[in-house]
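Have the model open while you read.

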Amino acid sequence: PDSFLVISFAPGYLFDGSDTILVNGAGLDTIYGYRFDPGAPSSPELCRVYGWLFDASGAPESEAVIAAYLPSGVSRIDSGIVSPFQVTAVSDSNGYFYLDLIPNGSLIPDDSKYEITISRSDGTILRERLTVPQQSNWMLTW
């Protein structure tokens, strides 16, 4: 017997906040989700990388800065040059954010990775190197 904070997750679905359940023995709790469409990226050859941020209590984390850049430096796509400068977004009041990025499979070299950082006013909470897939949208999870 105990109580648990449940934060539901399924790619492509939204859930209403968090659910605290009390367990006193066998039981069943139904959680409903809603299909989510992140929209099309700003250009068809890009991938919309999106996600939500929540604090430890399950409340949305707004005003966090999400940044992505290519730490290996300049890359190429076909005959063009891709700058290593950062692309950034800020999470909204629901904790939602998105970045439109070039999939790594389209870059030369194709084994490059983006460095993704998520920062709040009190410091960086995530720093990870990731490969953006060759698709129109992708939910960032870690």
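Ser121 is out in the open: its relative accessible area is 84%, so it counts as exposed (over 50%; buried is under 20%, partly exposed in between, with a 1.4 Å probe and protein chains only). Keep in mind that this is a predicted model, where local features need pLDDT of at least 70, side-chain atom pairs count only at pLDDT 80 or more, and totals for chains, interfaces and linings use all residues. Residues are numbered from 1 along each chain as its sequence is written, and side-chain values use heavy atoms, leaving out hydrogens and water.

**The loop**
- Ser121 sits in the loop between β11 and β12; strands here are DSSP E runs of at least two residues, numbered from the N terminus.
- That link is a hairpin, with 2 residues joining β11 to β12.
- Ser121 and Ala64 are 57 residues apart in sequence, yet their C-alpha atoms are 7.6 Å apart in space.

**Strand β11 and its partners**
- With β12 (residues 123-130), β11 runs antiparallel over 7 bridges; pairing takes at least two DSSP bridges.
- In that pair, Tyr114 faces Leu130 in β12.
- β6 (residues 65-69) also pairs with β11, antiparallel over 5 bridges, and there Ala67 stands opposite Thr117.

**Thr117**
- Thr117, in β11, has a relative accessible area of 9%, so it's buried.
- Beyond neighbours within four places in sequence, Thr117 is in contact (heavy atoms within 4.5 Å) with Val65, Ile66, Ala67, Leu126 and Arg127.

Technical notes
Helix = DSSP H or I, 4+ residues; strand = E, 2+ residues; numbered from the N terminus.
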